[in-house]
Amino acid sequence: MSGETPPRDPVERVIELRLPSKLGYERVAMDTASSLARRMGFQPDRVESLKTAVSEAVTNAIEHGNEHDAAMKVVVLLTARAGELIVDVADQGRKPFDHNQTIRRPVIEEVLEQDDKGGWGIWLIRELMDEVEFSTAPSGGNQIRMVIHLEQ
Amino acid sequence: MMLEDELTVSTRECDGVAIIDLSGDVTTFAEEKINNAYHEVTSKGARHVLLNFRQNDYINSAGIAILIGIVTEVTRNEQKLAVSGLSPHFQKIFRMVGLAQYAEIYQDEEEALAAFKRQA
Amino acid sequence: MNTPACSPASLELSLPSELGYEVIARDAVAAFACRLGIPAERIEDLKTVLCEACINAMEHGNSLDPGLRVQIFCRIEAERLVVEVLDQGVSRYTAAPTPLSIGEKVAGQGSARGMGLLLISQLCDEAGFVTRSGPGNCFRFAFHRQPGHCSSGDR
């Protein structure tokens, strides 16, 4: 790094957020993401979509990945680029994603029959974001990458 | 990626008062716009100047420094300066740094214009 | 929403040293303080203090090199919200020994800038630099929690 001239208009800027695995803290991630998105120039309805997607992703990480262990962290990376905002949410859990969950579209009639009325999170994220990808975080936990494009 | 909520500055005249409307961030990036607007109204002979904020969400110490610069010129040019439209938090900040000694603080534009009228 | 004493209420974030990004940190920390039940009026003070501390870290500590990071650590400690702002210390900085008064600034006897630390000291309950062994400056400030003034936590 030293000695080199940094690029005049660097391609991306990253904000990193580490949250305790406690429900309620998804709010911090939502407000941070919306603050960034608003200032990047996203329209209000896109910002609302982003907030919902971030909320679902962080809640999943808290509940499923880290199993409510407040000492475990949820790491949220917000990467601002010229035409898009990338949000990575990683947990430190040992429980991998249920692959079935990440691709299935819940059917309201079926869900009404089940005791667990949840399971909408990942489907919602897919509906609201432009790109969604599931992977394993460098820490070994689960990671979800969500991309939202800035339409000018 | 620039993140500022870019300041929009416009000027107008009402009852002999030059009003400078400011909406957006008042930070280091605002310097040229604010100074230009002030110089514009001053060159047109404004005696009374109102900085009309729009409940701006972000004013920082660099922005306050710009306003102190305006106060310096207002004093030199023997004009009267007032501010309006600040949120309660930034009204407190303006008092705290002493700007209130140089510019009356009003809740809104109407209150400021009425006060200028009484003084005239 | 109140946080039980046993809960490790903490928040860490890091951001590039580019003016404008302090606002994102501001909104993150404000959301955190909101969850802790800090009253709205004090959150406004916290927002201004955090921005000024970040700007100092970006401008003075990291010489506005966007490749260098500003780190922020927030935690609850004995009924106080403690925030630390760390830079990577290209240069050390401290407060001017005798800041100019507004009268002196208006009279043009020096720069109108340099009010960040003054604002910080007037808006929070504690503030100051923390000695660190490694490179970089660490600025710490605290807001006292006022029991009985808890807001709902949801905005």
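# Interfaces of chain C with chains B and A

Me: How many salt bridges are counted between chain B and chain C?
Reply: The model is a predicted one. The side chains of Asp57(B) and Arg26(C) meet with an N to O distance of 2.7 Å, and the cut-off for a salt bridge is 4 Å, so this pair qualifies. Between chain B and chain C the count of salt bridges is 2.

Me: Which element gives the most residues to the side of chain B that touches chain C?
Reply: Across the interface of chain B and chain C, 8 residue pairs are in polar contact, with both residues at pLDDT 80 or more. On the side of chain B, the elements that give two or more residues are helix H2 (61-76) and helix H3 (88-97). The element that gives the most, with 8 residues, is H2(B).

Me: Which three residues of chain B lose the most area to chain C?
Reply: In this interface, 25 residues of chain B are in contact with 26 residues of chain C. The area buried between the two chains is about 2200 Å², and carbon and sulfur atoms give 64% of that area. Of what the side of chain B buries, 24% comes together from the three residues that lose the most area, namely Leu3(B), Tyr58(B) and Ser61(B).

Me: What share of the area that chain A buries against chain C do Arg13(A), Ile15(A) and Tyr25(A) supply?
Reply: Chain A has 24 residues in contact with 28 residues of chain C. The area buried between chain A and chain C is about 2200 Å², with 58% given by carbon and sulfur atoms. Arg13(A), Ile15(A) and Tyr25(A) supply more than any other three residues of the area that chain A buries against chain C, their share being 24%.

Me: How many charged residues are on the side of chain A that touches chain C?
Reply: Chain A and chain C have a count of 2 salt bridges, and in one of them the side chains of Arg13(A) and Glu18(C) meet at 2.4 Å, N to O. Strand S1 (12-20), helix H1 (26-40) and strand S2 (73-81) are the elements of chain A that give two or more residues to this side. Its residues divide into 12 nonpolar and 3 polar, while the number of charged residues is 9.

Me: Which residue in S1(C) is the bridge partner of Leu17(A)?
Reply: S1(A) pairs with strand S1 (residues 10-16) of chain C in the antiparallel sense, over 3 bridges. In S1(C), the bridge partner of Leu17(A) is Leu13(C).

Conventions:
Residues numbered from 1 in each chain as written. Chains lettered and ligands numbered in written order. Predicted model: local features only at pLDDT ≥ 70, side-chain atom pairs only at ≥ 80, totals over all residues. Heavy atoms only, no water. Contact = heavy atoms within 4.5 Å. Buried area = accessible area lost by both parts, 1.4 Å probe. Polar contact = N/O pair within 3.5 Å; in protein donor to acceptor, adjacent residues only side chain to side chain. Helix = DSSP H or I, 4+ residues; strand = E, 2+ residues; numbered from the N terminus. Nonpolar A, V, L, I, M, F, W, Y, C, P; charged D, E, K, R; others polar. Pairing = 2+ DSSP bridges.
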